[in-house]
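Hi,

Here is the structure we talked about. Please open it and follow along with the notes below.

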Number of protein chains: 4
Amino acid sequence: LKEEIVKYEGLIAPVYTPFNNDPTRSLNLEILPSYAQYLIDNGITGILINGTAGEGTVMTVEERKLVAEVWAQLCSQGQLHLMVHVGGVPLPDVLELAQHAEHIGANSILCLPELFHKPATCDDLIRYLQLVSQAAPNTPLFYYHIPSYSGVNLHMGEFLNKVQGSIPTLSGIKFTSTVLDEGYAALKACNERFTVFLGSDTVMAGAYALGFESAIATTLNMLPQFGQQIVQCIKDGNIKEAQEKQNDLNSALEIIAKHGAWVPSTKMAMNLLSPIDVGPTREPIKTLTAEEAKQMENELTSLSFITS
Amino acid sequence: LKEEIVKYEGLIAPVYTPFNNDPTRSLNLEILPSYAQYLIDNGITGILINGTAGEGTVMTVEERKLVAEVWAQLCSQGQLHLMVHVGGVPLPDVLELAQHAEHIGANSILCLPELFHKPATCDDLIRYLQLVSQAAPNTPLFYYHIPSYSGVNLHMGEFLNKVQGSIPTLSGIKFTSTVLDEGYAALKACNERFTVFLGSDTVMAGAYALGFESAIATTLNMLPQFGQQIVQCIKDGNIKEAQEKQNDLNSALEIIAKHGAWVPSTKMAMNLLSPIDVGPTREPIKTLTAEEAKQMENELTSLSFITS
Amino acid sequence: LKEEIVKYEGLIAPVYTPFNNDPTRSLNLEILPSYAQYLIDNGITGILINGTAGEGTVMTVEERKLVAEVWAQLCSQGQLHLMVHVGGVPLPDVLELAQHAEHIGANSILCLPELFHKPATCDDLIRYLQLVSQAAPNTPLFYYHIPSYSGVNLHMGEFLNKVQGSIPTLSGIKFTSTVLDEGYAALKACNERFTVFLGSDTVMAGAYALGFESAIATTLNMLPQFGQQIVQCIKDGNIKEAQEKQNDLNSALEIIAKHGAWVPSTKMAMNLLSPIDVGPTREPIKTLTAEEAKQMENELTSLSFITS
Amino acid sequence: LKEEIVKYEGLIAPVYTPFNNDPTRSLNLEILPSYAQYLIDNGITGILINGTAGEGTVMTVEERKLVAEVWAQLCSQGQLHLMVHVGGVPLPDVLELAQHAEHIGANSILCLPELFHKPATCDDLIRYLQLVSQAAPNTPLFYYHIPSYSGVNLHMGEFLNKVQGSIPTLSGIKFTSTVLDEGYAALKACNERFTVFLGSDTVMAGAYALGFESAIATTLNMLPQFGQQIVQCIKDGNIKEAQEKQNDLNSALEIIAKHGAWVPSTKMAMNLLSPIDVGPTREPIKTLTAEEAKQMENELTSLSFITS
């Protein structure tokens, strides 16, 4: 377990899984090399795969492994930290995916809680993560807190204080929530032992001002400069500029998100704003209609996020 | 699509998946024939497999198929209606399980909603179930409403009124809730077109008095006479006796359920109260300790649910 | 404390507070004698005043006292049990209203929980009700469980088991919920020591089949025969007829409730279906528009609930 | 309506209502002059009275008026902005309190939503606030968003965008929540027309980094320097120092809040940390025991928040 990983400081892009526009939304792995190069060219130093944006929970185990293997190859030169999401499926599959992630050399693992027999207490969650940890005993593990999707809303400050060292590989959490007092409590838990990745783009300036030092933010895909600039401005004490960049980012997101649910609307924005075509979403995630996409494009153009 | 299935009237036992007491909780399929015979001997005429009690969402696709195939064989003589739960996993797996269920001759299919990209509206849920329906176009489909586990709580009266005929095979729902005005609305929706299985043991007398005609109730496994008697008493207008039987059943459940979560505590009760040994639960569902089991046994004995 | 009150068996009508159709919705107390006579003529033997239907929480303390005094006069001959709701306002006012209710000879008192500094535990609620009990030490007290309005959702089975005898006058609860397993647990708590009034019209047949013996139901105002018939049918074991009456009642309520929130739509129905004109609701409870009222009238006429 | 009030920039202390330690917790108004002087001496320029910390919802209308009159006198020289909370009681009383607040020269009014017949939509809330606005047509009005107490959780960005100019005196909201993306949306609504007071102490640094310019924070009572310093540090771009001050403040609050609910624990802290003795809380708000108070004192001393 590499100690320097335990406190990760930096920004990670949660990448989309590219699908072909065919009936089964088959994997389009051929574009991954250019996707990787695009991120590197834009200053990104880490990726999360098969997460929420990556539609991991609507893919089969075999598909998730395949995607992970291609990305592992692309990250093998160390330019991108590779975090693999292994959760959201039956526990035997989670364990298999965790083992596989370690086998292919993932730098870290992210894991949702059980989605049906949900943990009722922190102890339930700890027991679950201990099993995941045992399946990949040499890879840092992060817990994925995203209550609006998972329906699991244990308090992250209490959880991390309770964990202490009981899950050998647990290195922190992805905190996908805008409830920043809870995020703050997670940051401070156990003498700041754990890394807490902010998972919400719209409050980055606020979270970093409170002490966050890392984030996994969707817009690092299609508007990668904003998140990086916000972080730098806060570090430099340029509050006004941080606010302006945050405001620009949030204005773009307001346009994007009003056209559909988070994943399909931001995936469409990726196609509109970046040179990478990640294709449609897979059922049951409803892809935007052509009309909705056109409208989003027009509005992004009028705000100069798209330039002709 | 057999029309007589569309309005199912009767009781279905949601069977446990037997596991061996080994580290991986491997499948113990050898006891299924005696399990089937036990249910038939006790008047049960239908089963649900791989559901909540059946721990379907902590099994792999292959395991679920295997269990389904064995039960299909055991039900092939028509003494037991075979309902197969296919949901709670990534959609490609759900579709494969639905197709498989139809292939092996399941009498009906039950399906949870997507657990991570949850349906926000009835329309989202309808689109999802249409895909499941297409994968098994000749088998009656039931939607599994169990908000305390799934986190999806669309109003079932509104949902069924909205469905009308838009999901060709949809024949009704399993209503695992004690919110009986909503259950009533589901019963009456679309001119009583749909079957609404009550999924809660503790309010059977009340639900049947309101007009329910079918139920999928956990205690039909280990205390099969109670549910059947309650139903008969209500039909016969013996309210006092129905109340007494319901009271006995609820007293047993109060003892059982206080020792753990619903699935592990009732699975333990199955082992204590019936001749069938279904073994422990699988992680992350926490099996009761030996001490908890002993305490449950003592209390059930003192109330004469177990006789020496 | 009269022991026979402690277990109340029967039906109570939660009466409306009549307002004039003027800007301040001033009290229209003159119609109360005919309202009382109308209820008596229709077989009603008890009333609840200043409750939810009675708009108690949008009236001043003085107005609530005035209304209580008039009703106390009208109930003084013993034909109607008088239950006075005293809660939903600052605690000093609650205590004053409780004292006043006892002073004017109310047969029982009903009380909401504190609505802002909500009880977080059963112990918090017990401490609150002890204060109310001390203010009216000779009058049976009922706790008002109505989570959809109060936002307080403590489990009523646990609460009553915990109370035991710690609140001297506590005689039970009004259970305004359709979660019937919880209602059942309340019925059985403390060896059935407490009266549990069902507070939901739409599941009466089911609740009585489970053992409920008392109810406070809005429709006893404008459709008083239905609730009484449902109760009698269940007692007589006439399940089919109980279901038919329940179905008729629910059909009427479906029409009524779709035109607005519960209080204003049922208050309008009172004006349409009974000879008593209780007038409009008071702000912030939005009275139905004339058009909505007309539409409701037409639909009730077409279903023969209103005959010309 | 004074325009300069509409965009309030600064910090407001939500003052406690001092009670005597007698059975009825009678008002102890005699200490208010020294309370006012203490706040002024500590740099505070505005107060909120009869709010949550001020226990307004457990006082009678007469008591609230009396408290308001004394404070109005103390604020009459313009050193303290006087905001009067008028909500959380029956609407007739709210309107009387609003009228009274304007009459005594309050600088602004704060108002909770109706707590029992809760607004279901933004339109419901707008209608309610229009009535309050009419009762005090010359005084800026703020809506009190505090979902954890009120149970009303309308999205404040949507609400303010919908309001536009439909409530003549509405000048903004008190946003007592740590969900900072929603707070951000409120800030930006209607071209930043409205003042959004942050109502949460623990995320001040983050909120101000995102653009908040005003706050009503409990700890301005007993630790007034912290909030002021955090605000100044963010303005000056001293992020590290802002974080240190926020961390100190949150450490104190962690000690304070673990001994009871928010109001009684912070009221006790006021007694321990300031020279002003605001006494106990009033029922049903449970005052800390002497032992809990002693423990809090010891821990605050060990962290040097109390110096001997």
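Pro284(B) sits in the loop between helix H12 (262-273) and helix H13 (290-302) of chain B. Keep in mind that this is a predicted model. What is the peptide bond from Glu283(B) to Pro284(B), cis or trans? The bond is cis, with omega near 5°.

Now go to chain D. Pro284(D) lies in the loop between helix H12 (262-273) and helix H13 (290-302) of that chain. Glu283(D) and Pro284(D) are joined by a cis peptide bond, and omega is about 5°.

Glu192(C) belongs to helix H8 (residues 180-192) of chain C. Its phi is near 60°, which is positive although the residue is not glycine.

Glu192(D) is in helix H8 (residues 180-192) of chain D. Phi there is near 55°, again a positive value in a residue other than glycine. Glu192(D) counts as partly exposed, at 41% relative accessibility.

Last, helix H5 (residues 122-135) of chain A. This helix has 14 residues. From first C-alpha to last it reaches 20 Å, close to the 20 Å expected at 1.5 Å a residue. Several H5(A) residues are buried, including Cys122(A), Leu125(A), Ile126(A), Leu129(A) and Val132(A). What do the buried residues of H5(A) pack against? Their partners in chain A are helix H4 (91-103), strand S4 (108-111), strand S5 (141-145), helix H7 (156-163) and strand S6 (170-175).

Best wishes

Key: Residues are numbered from 1 along each chain as its sequence is written. Chains are lettered from A and ligands numbered from 1 in the order in which they are written. This is a predicted model: local features need pLDDT of at least 70, side-chain atom pairs count only at pLDDT 80 or more; totals for chains, interfaces and linings use all residues. Side-chain values use heavy atoms; hydrogens and water are left out. Helices (H or I, at least four residues) and strands (E, at least two) are DSSP runs, numbered from the N terminus. The expected span of a helix is 1.5 Å times one less than its number of residues. Buried means under 20% relative accessible area, exposed over 50%, partly exposed in between (1.4 Å probe, protein chains only). Contact means heavy atoms within 4.5 Å.
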